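I opened this notebook to keep track of what I looked up.

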Amino acid sequence: MCKISVITPVYKVENYLEKCIDSILNQTFKDFELFIVDDGSPDSCGKIADEYAKKDKRVKVIHKENGGAPSARNAGIAQASGEYFYFPDSDDWIEQTYLQELYNVAKKTNAQLVVSGYTMEYYENNKSQAYSVAPNEKYYLSKDELRKNLHKYFDNMMMAVPWNKLYKADYIRDRELLFPNLKWDDLHFNMDVIMDIESVAISKSSGYHFFRSREGSETTTVFDGMLYQKRKEQFEHILRVYKHWNVTDENIMNEIYGYYSARLVQCVQEISCCNKDDNTKKKLVKEILDDDLSSEALKYGRINSKLLSIASLPMKMRWTLGCITMGKLIGFVKTNMSSVFYRMKSKSVNKANKV
């Protein structure tokens with residue numbers, strides 16, 4: 001048994017895969033196995049992975065038919081022998097000491113889950129931008145303490161993704177937890193993980209580098225017509241967890257609803273800046289405003305970011321045209337003043353995470 005099983009799904013990332021693999025193999029922490037799961041990738045990813053396996057005995061390659069990232073991660077879990085699981089994306093990279101930092105926190109606290117910060121990277125308008133999410137190190141080592149504090153980490157993807165987390169493998173195996181075949185599988189998996197968890201440690205490391213957009217990428221410009229529905233389904237799952245926990249504290253629930261309100265602002269901003277006609281935009285925004293869960297969140301939610309709180313005002317007023325105007329304004333600043341936009345976002349993100 002090794003200490004960490006690193007499992008990364010691979011699909012159409014031939015231009016980025018080598019940097020990802022090199023960053024893992026060059027870790028100061030050495031006691032790990034790396035499963036590269038070729039998810040039926042039509043490019044040269046499978047060949048690249050096989051070449052690494054020939055050179056480093058820690059590398060193990062799984063070739064499978066395309067089934068999506070959830071099935072690829074599950075294929076790795078089925079063969080992994082590590083004490084902990086770690087799931088990086090194959091087009092990102094990690095700093096040289098990242099695994100060691102997470103492992104040190106895991107062993108120090110014996111936590112079932114370690115959650116770290118990360119560094120967000122963008123390439124927009126011919127400029128590279130980056131900011132780091134760097135939380136304070138905290139240890140929540142009882143169910144009661146954990147359930148009173150975990151809401152503080154829902155903002156800014158801290159809980160939503162698998163790539164900034166070290167999972168105690170026995171905890172995952174004993175509960176037979178797997179990634180579901182859903183469009184929002186990451187958050188669903190993490191909610192299932194924390195449903196009955198007893199201990200979570202927060203690492204201050206921000207050594208994971210997540211590419212939100214790249215040169216030539218359309219990640220942040222393509223309209224996702226299902227974004228609102230996905231956000232709603234995600235939040236309903238979060239509410240199920242808090243109902244399971246029997247958490248009724250008003251301050252905690254206001255924070256949770258504030259998290260969802262901020263996600264709704266994002267949905268409206270995307271709708272406002274998409275290439276749909278005005279009537280379609282109004283219809284899509286009105287769908288959000290007319291939803292009972294949206295109304296409850298906007299009424300009771302407490303948004304930590306002042307900027308997002310201001311941006312949500314037209315939504316609270318149920319002013320459709322005002323929502324679209326505000327969304328276009330946010331989109332304009334993001335597109336034409338990206339340095340200012342990401343500097344402001346960085347300050348907001350890190351203020352929210354200094355808990």
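My entries follow, one topic at a time.

**Ground rules**

I am working with a predicted model, where local features need pLDDT of at least 70, side-chain atom pairs count only at pLDDT 80 or more, and totals for chains, interfaces and linings use all residues. Residues are numbered from 1 along each chain as its sequence is written, and side-chain values use heavy atoms, with hydrogens and water left out.

I took helices (H or I, at least four residues) and strands (E, at least two) as DSSP runs, numbered from the N terminus.

**Entry: the sheet**

I looked up the strand order first. Eight strands form an open sheet with mixed pairing, in the order β3-β2-β1-β4-β10-β6-β11-β9. I count two strands as paired if DSSP finds at least two bridges between them. Which strands stand at the edges? They are β3 (59–64) and β9 (138–140). Each has a single partner strand, so one side of each lacks a neighbour in the sheet.

I checked helix α4 (residues 98–109) next. Helix α4 packs on the sheet and touches β1 (4–10), β2, β4 (84–86), β6 (113–115), β9, β10 (165–168) and β11 (200–202). Contact here means heavy atoms within 4.5 Å. The direction of α4 makes about 145° with that of β4. For such angles, axes are lines fitted to C-alpha atoms, for helices over the stretch in contact, and values run from 0 to 180 degrees between N-to-C directions.

**Entry: β1 and its partners**

I followed β1 to both of its neighbours. β1 and β2 are parallel, paired over seven bridges. V6 has L34 of β2 as its bridge partner. I then found L34 again, bridged to V59 in β3. Six bridges join β2 (residues 32–39) to β3, and these two strands also run parallel. On the other pairing, β1 and β4 are parallel over three bridges. There, I4 is the bridge partner of Y84.

How many residues of β1 are buried? Seven of its seven are. Buried means under 20% relative accessible area, exposed over 50%, and partly exposed in between (1.4 Å probe, protein chains only). In a regular strand the side chains alternate between the two faces of the sheet. I sorted β1 by side: I4, V6, T8 and V10 lie on one, S5, I7 and P9 on the other, and all are buried.

**Entry: the crossover through α1**

I traced β1, helix α1 (residues 17–25) and β2, which make a right-handed β-α-β unit. Right-handed means that, with the strands pointing away from the viewer, the path from the first strand over the helix to the second runs clockwise. Within α1, L17, C20, I21, S23, I24 and L25 are buried. Their cover includes β1, β2, α2 (45–55), β3 and β5 (93–94).

**Entry: L166**

I picked L166, in strand β10. Is L166 buried or exposed? At 1% relative accessibility, L166 counts as buried. Leaving aside neighbours within four places in sequence, L166 contacts I4, Y84, F85, Y86, L102, Y103, A106, Q112, L113 and V114.

**Entry: two crossing helices**

I turned to α9 (residues 250–273) and α14 (residues 320–336). Their axes are 8 Å apart and the packing angle is about 85°. That makes α9 roughly perpendicular to α14 (under 35 degrees is roughly parallel, over 145 roughly antiparallel, 65 to 115 roughly perpendicular, the rest oblique). From α9, V265, V268, Q269, S272 and C273 meet C323, I324, G327, K328, I330 and G331 of α14. I sorted these residues into six nonpolar, four polar and one charged. Ala, Val, Leu, Ile, Met, Phe, Trp, Tyr, Cys and Pro count as nonpolar, Asp, Glu, Lys and Arg as charged, and the others, Gly among them, as polar.

Most residues other than glycine have a negative phi. I looked up two exceptions. E176 has a positive phi of about 50° and lies in the loop between α6 (169–174) and α7 (185–194). N246 has a positive phi of about 60° and sits in the loop between α8 (227–245) and α9. E176 is exposed at 69% relative accessibility, and N246 is exposed at 63%.
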